[in-house]
Amino acid sequence: MGRVTERRRVVRIRNGAAGVRPDTLVAEEPLEIRLNGRPLAITMRTPGDDFALAVGFLVSEGVLAGASDVQAVTYCEGATADGSNTYNVVNVQLAAGVPVPDITLERNVYTTSSCGLCGKASLEAVRTASRFPGVAADPVRVPAEVLTGLPDRLRAAQKVFDRTGGLHAAGLFTAEGELLDLREDVGRHNAVDKIVGRALQAGRLPLGGTVLLVSGRASFELAQKAVMAGIPVLAAVSAPSSLAVDLALESGMTLVGFLRGPDMNIYAGEERITL
């Protein structure tokens, strides 16, 4: 749709001299996700891969487990007063027989590009049971030298970041370091949802034997999304949160933080990292 980036006027000062020039910024727009026609959540995201984002979000919520659970994903027409299509409202229609979750006031249906699933009523409310076998049984082993090379591979594949400098990224890799998929977004959790959603659409869930690398920190929401998609190894270039570590320990997922150069901190599941 050509809406991933936008151009804006900027006054640039270098070495005491000011000049006016156009600058490329990453686009941020709201996306309303509807389930069977009912509003479920609103997230701020970078336009693109909206259908994958919507179904990936529903995987992390335990609603979807495979492509056969989805009857259709469509943009909602008439989203504005004049009836035009903004491409900012997506409806996911469940297949016949798929249980519809109870949409209650426990969820704050607004999520931001930075914090993921804000507004859950309690920690217990986000400990959703995965629709797949637990990641604890995944036998994958990842050489430490493979892990240390992933941030450079992720950065080299970020096309929009090169133009804007304002995007987070999530990359899905094999245990040998092969890049399987990469998505960029203003929100880390959106980028992960897009990867999971694309995997669901391709019939590749659960994502056993893979490594998910995220730019920035590893929050509880990102750890939850990895567990829900069956991803056994989550790595981040920055720090994890305490709740992310707790969830990794509980679920049997490997969690790596501060993955920079030859260094890393392994917070859970160190048996999967071979030296």
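## Arg 260 and its contacts

Beyond the four places on either side of it in sequence, Arg 260 is in contact with Val 237 and Ser 238. This is a predicted model. Arg 260 has its place in strand E13. Along the chain, Arg 260 and Val 237 are 23 residues apart. Their C-alpha atoms are separated by 6.1 Å.

## The six-stranded sheet

Strand E13 belongs to an open sheet of six strands. Their order is E10-E9-E11-E12-E13-E14. The pairing is mixed. At the edges are strand E10 (179-185) and strand E14 (263-268), each of which pairs on one side only. From one strand to the next, the twist averages 20°.

How do strand E9 and E11 run, and how many bridges join them? They are antiparallel, with five bridges between them. Strand E9 covers residues 168-174. Ala 170 stands opposite Val 214 in E11.

## Helices against the strands

Helix H5 (residues 188-201) packs on the sheet. It touches E9, E10 and E11. The direction of H5 makes about 140° with that of E10.

Helix H7 spans residues 242-251. H7 lies across strand E13 (254-260) and E14. Its angle to E14 is about 60°.

Helix H3 has 14 residues, numbered 144-157. From its first C-alpha to its last, H3 reaches 21 Å. That is close to the expected 20 Å.

Where does H3 bend? The bend is at Leu 150, by about 30°. A proline, Pro 151, follows within four residues. Both Leu 150 and Pro 151 are buried.

## Confidence along the chain

The protein chain averages a pLDDT of 84. At least 70 is the score of 83% of the residues. Confidence is highest in strand E11 (residues 210-214), at 97. Helix H2 (residues 123-126) has the lowest, at a mean of 42.

Over residues 114-126 the pLDDT is below 50. In the model, this stretch has 30 contacts beyond near neighbours in sequence. Where pLDDT is low, predicted coordinates should not be read in detail.

Methods:
Residues are numbered from 1 along each chain as its sequence is written. This is a predicted model: local features need pLDDT of at least 70, side-chain atom pairs count only at pLDDT 80 or more; totals for chains, interfaces and linings use all residues. Side-chain values use heavy atoms; hydrogens and water are left out. Helices (H or I, at least four residues) and strands (E, at least two) are DSSP runs, numbered from the N terminus. The expected span of a helix is 1.5 Å times one less than its number of residues. The bend at a residue is the angle between axes fitted to the seven residues ending there and the seven starting there. Buried means under 20% relative accessible area, exposed over 50%, partly exposed in between (1.4 Å probe, protein chains only). pLDDT is the predictor's confidence in each residue, from 0 to 100. Contact means heavy atoms within 4.5 Å. Two strands pair if DSSP finds at least two bridges between them. Axes are lines fitted to C-alpha atoms, for helices over the stretch in contact, and angles run from 0 to 180 degrees between N-to-C directions.
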